Amino acid sequence: MPAHPARDFDDPYLWLEDVTGEQSLDWVRSHNDPTVDEFAGDDFEAMRATAREVLDTDARIPYVRRRGEYLYNFWRDATNPRGLWRRTTLDSYRTDSPEWDVVIDLDELARADDENWVWGGANVIEPHHTRALISLSRGGSDAVVVREFDMATREFVGPAGQGFELPEAKTRIGWEDDDTVLVGTDFGADSLTESGYPRMVKRWRRGQDLAQAETVFTGSATDVVVAAGRDRTPGFERTMVSRAIDFFNDEVYELRGLPGQQELIRIDAPTDASVSVHRQWILIDLRTDWDTGTATYRAGSLLAADYDEFLAGTAQCSVIFEPDAHTALHHYAWTRDRLILVTLHDVASRVEVVRPGDWQRRPVAEVPANTNTVIAAADDTGDEIFLDSSGFDRPSRLLHGPVDGTLTEIKSAPAFFDADGLAVSQYFATSKDGTAIPYFVVRPANATGATLLGGYGGFEVARTPGYDGVLGRLWLERGGTYVLANIRGGGEYGPGWHTQAMRAGRHLVAEDFAAVATDLVDRGITRVEQLGAVGGSNGGLLMGIMLTAYPHLFGALVCQVPLLDMRRYHLLLAGASWVAEYGDPDDPDEWDFISKYSPYQNISADADYPPVLITTSTRDDRVHPGHARKMTAALRDAGHRVWYYENIEGGHGGAADNAQAAFKSALSFSFLWRMLGNQG
C-alpha cells in the first residue's frame with residue numbers, strides 16, 4: 001500500500017480539476033450541449049415552465065424572522081429573480097396582501113455593479129438594528145463579498161465612509177459593537193485552514209486597516225474553521241470563540257477581559273457535543289455518551305445547566321430530552337423565556353414547549369399529527385414563534401402566536417399539484433446487518449410503476465416528509481411514485497444513526513439504500529427497470545456507489561453535485577473538512593475501506609450500468625466540479641451510458657436563481673421519464 005495513495009494515483013483526467021481552465025470549460029460545453037439536445041424537447045419545456053411557475057408564484061409563504069418591530073423576508077419571483085430583502089409589520093403580514101418595504105433590491109444592485117450577485121444573508125446588529133453586514137456571492141459560491149449597510153439611509157457604507165468591506169472569501173463576520181467586528185477571512189499567507197476556511201479571528205475596528213486588526217485567536221491549519229461571535233443580549237453580554245477540530249468536534253471558549261488582557265475560558269463539554277448559550281442557560285446536545293464522573297448521560301440527550309455554575313464546575317445538569325428506540329431530537333430554539341423542542345418519532349414530528357428551571361415539557365396541541373413540522377422562526381427577545389407544518393401531500397401551514405398561548409394559522413401555501421388519491425405509507429426494509437430501515441412511499445392511485453428513490457445518508461442530516469411542489473407537479477401528478485429512504489448516516493434516529501455509518505462504517509449507508517431498493521421490488525411497488533434514484537452532494541456519492549456496486553438494482557440514476565473521487569476528495573476545495581465523516585485517504589488503513597466504495601476508482605468496463613445523468617456547477621466551491629467531470633469522462637471512455645450537465649453558475653445548490661433551478665429540475669425529470677418509462 002503506498003504511503004500517500006491520494007497523491008500517487010495516476011489519474012488520466014486530472015486536468016478536468018482545473019475549474020475555469022479553457023480546456024476544461026471547452027470539455028464542459030461539449031458535454032452540456034448533447035445533453036440539452038437529447039432531453040430538452042417539448043415535454044422538457046413544459047416541465048421547465050411548470051417548475052418555474054411553482055418556484056416563482058406569489059402564493060408561496062413568505063417566511064420571516066423578527067428584528068425589532070419588523071418582520072424581514074428574502075423573496076425571489078419572476079419579476080425579481082435575484083431577490084428582494086424586504087420587511088413588513090406583523091399586522092400587515094397577517095393580511096392576504098402585506099405591504100412590503102424593500103430594503104435591498106438585489107436585481108437592481110446586480111445591474112448597478114454589473115455582477116451576478118446571489119444573496120448570502122444579512123447580519124444585523126442587535127438590539128437596535130441600525131447597521132447590517134451584507135454577504136453577496138458571485139454566482140452562488142460559498143465565498144462572499146461583505147459590505148456594511150446603513151439601515152436608515154438604505155445605502156452601503158463604503159471604505160471612504162469608514163465602512164466595513166471585505167473582498168471575496170469564505171468569511172465569518174459578526175458585530176462586537178457598533179464600531180467593531182469579529183472577523184475571520186483570508187488575511188493572506190497561513191490565515192486559512194487546509195479546508196479553505198478561516199483559521200484566525202481578528203478584532204477589526206472602524207477606520208482601521210484590516211492588516212492592523214488585533215488577532216483574537218488562531219487555530220491550527222488542520223482545523224476546519226475558527227469563528228467568534230458576540231452575544232449582545234443586555235445583561236448577558238459575552239464573546240464566544242470556537243475552534244472546529246474536525247467536522248464533528250469543536251472546542252468552545254468564552255473570551256473574557258479587556259482587549260489586550262483577555263483570557264479564554266474553556267467550556268468543558270464533550271468536543272463532539274453541540275453547545276449553545278441563552279441568557280443564563282447553557283444547553284449541551286450530546287452525540288455520544290458522556291460520563292462526568294458523577295453522572296452518565298446517553299448520546300442524543302439534551303442537557304441544561306446554569307451557565308456560570310457550569311463554568312465554575314458546580315453545575316448539576318438537567319436532562320431535558322433523552323432518546324428512545326423510536327424518538328430522537330431534531331432541532332430546538334429559544335424564545336426569551338421558553339425552549340421549543342422538535343423531536344422525530346419514526347421520522348414524524350412532535351413539538352413541545354419547555355419551561356426553564358424545572359424543565360417541564362408540554363406538547364403544542366395545534367401541531368397536526370404525522371407531519372413534518374419545523375421551527376420557522378422564534379423571537380429570542382420576546383415570546384413569538386412561527387411553526388411550519390407540511391406533509392408529502394399537504395402544503396405548508398404557518399402557525400403563529402405566543403409560545404405559551406394558542407397558535408393560529410397565519411399563512412398557508414397553495415396546493416401545487418392534485419393530491420387526490422395520493423397514498424402515503426411507511427415501510428421498513430431489512431438491511432444486510434438486520435437493521436430495520438424506514439422509508440416512505442408516496443404513490444398516486446394511477447401509478448405506472450415508474451418510481452424515484454431519494455436518499456442522503458450523511459452528516460447526521462435527517463430527511464423528513466415535507467411538501468415539494470416541483471416534485472409533485474413533475475413526478476407525482478404524472479403518475480410516478482416517490483420514495484424517501486431514511487438510511488443510516490442521517491439523523492432520523494439521533495446521533496447513533498449517523499455515527500455507526502462514519503468512516504469504516506460507511507458501507508452501511510449503501511447497504512441500507514440497496515435494501516430499500518430491493519424491498520420496493522419485492523413488495524411489487526415497482527420493477528428494477530422502472531426504479532430510478534436521485535441524490536446530491538453526499539447523496540451524489542451514494543448514487544455513484546449505487547452505479548458501481550449495485551447497478552443491477554436500478555433502471556436509471558441522477559447524480560447531482562457529487563463527491564465521487566474519494567482518493568482525492570480531501571485535496572479539493574472544502575474536502576479536507578469531511579475527513580471525520582469519510583476517513584483519510586492518505587492513511588493506508590483508512591484508504592483500505594474507502595477504496596472499496598470510491599466510485600471513481602471502481603468503474604468497470606465489463607459491468608452493465610444503468611444510464612446516469614451527472615450534474616454539477618462550475619461555481620460550486622464546496623464540492624469540486626472535478627468529481628463530476630472526471631467520473632463522466634471515465635464512464636464514457638469505459639463505454640457506459642452517461643449524460644452530463646454543468647451549470648456555469650449556481651454554487652453547491654446547483655442553481656443561482658429560480659430559472660436555473662427550474663431548468664435543472666426539468667432536465668432531471670425529463671431524463672428519468674425517458675429512461676424509466678412513459679407517464680400516464
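**Backbone features, ring pairs and core packing**

Pro127 is placed in the loop between strand S5 (117-124) and strand S6 (131-138), and in this predicted model the peptide bond that leads from Glu126 to Pro127 is cis, with omega near 0 degrees. Two further backbone features concern residues with a positive phi. Asp190, although not a glycine, has a positive phi of about 65 degrees; Asp190 belongs to the loop between strand S11 (180-184) and strand S12 (200-205), and with a relative accessible area of 63% Asp190 is exposed. Glu460, likewise a residue other than glycine, has a positive phi near 60 degrees and is found in the loop between S34 and H7. The relative accessibility of Glu460 is 27%, so that Glu460 counts as partly exposed, a class that lies between the limits of 20% and 50%.

The structure holds 31 aromatic pairs. In one of these, the ring centres of Phe164 and Trp175 are 6.0 Å apart and the ring planes stand at 80 degrees, which is over the 60 degrees required, and the pair is therefore edge-to-face. This pair links distant parts of the chain, since Phe164 lies in the loop between strand S8 (155-157) and strand S9 (165-169) while Trp175 lies in strand S10 (residues 172-177), the two residues being 11 residues apart. Phe164 counts as buried at 1% relative accessibility, and Trp175 is also buried, with a relative accessible area of 4%. The rings of Phe417 and Tyr467 are arranged as a stacked pair, because their centres are 5.0 Å apart and their planes are at 10 degrees, under the limit of 30 degrees. Phe417 is located in the loop between strand S31 (408-412) and strand S32 (423-430), and Tyr467 in the loop between strand S34 (451-454) and helix H7 (469-476), so that the pair ties together parts of the chain that are 50 residues apart in sequence. At 5% relative accessibility Phe417 counts as buried, and Tyr467, with a relative accessible area of 18%, is buried as well.

Ring pairs also join Phe247, Phe248, Phe459, Tyr569 and Tyr582 into a cluster.

In soluble globular proteins, nonpolar side chains tend to be buried together. In the present model the largest nonpolar core has 107 residues, and the residues with the most contacts inside this core are Leu453, Trp475, Phe513 and Phe554. When neighbours within four places in sequence are left aside, Trp475 is in contact with Ala450, Thr451, Leu452, Val470, Gly480, Thr481, Tyr482, Phe669, Leu672, Trp673 and Leu676.

Strand S38 (residues 612-617) is mostly covered, six of its six residues being buried. Both faces of S38 are covered, with Val612, Ile614 and Thr616 buried on one side and Leu613, Thr615 and Ser617 buried on the other. S38 pairs in the parallel sense with strand S37 (residues 556-560) over four bridges, and Thr615 in S38 is the bridge partner of Gln560. S38 also pairs in the parallel sense with strand S39 (residues 642-647), in this case over six bridges, and the bridge partner of Thr616 in S39 is Glu646. Together, S38, helix H13 (residues 626-637) and S39 make a right-handed β-α-β unit. Within this unit, His627 is found in helix H13 and is buried, with a relative accessible area of 2%. Residues up to four places away in sequence not being counted, His627 touches Pro562, Leu563, Leu564, Asp565, Tyr569 and Leu572; of these contacts, Tyr569 is one of the residues that ring pairs link into the cluster with Phe247, Phe248, Phe459 and Tyr582.

Terms used:
Residues numbered from 1 in each chain as written. Predicted model: local features only at pLDDT ≥ 70, side-chain atom pairs only at ≥ 80, totals over all residues. Heavy atoms only, no water. Phe/Tyr/Trp six-rings, centres within 6.5 Å; stacked < 30°, edge-to-face > 60°. Buried < 20%, exposed > 50% of the residue type's maximum accessible area, 1.4 Å probe, protein only. Core = buried A, V, L, I, M, F, W, Y, C linked by side-chain atoms within 4.5 Å. Contact = heavy atoms within 4.5 Å. Pairing = 2+ DSSP bridges. Right-handed = clockwise from strand over helix to strand, strands pointing away.
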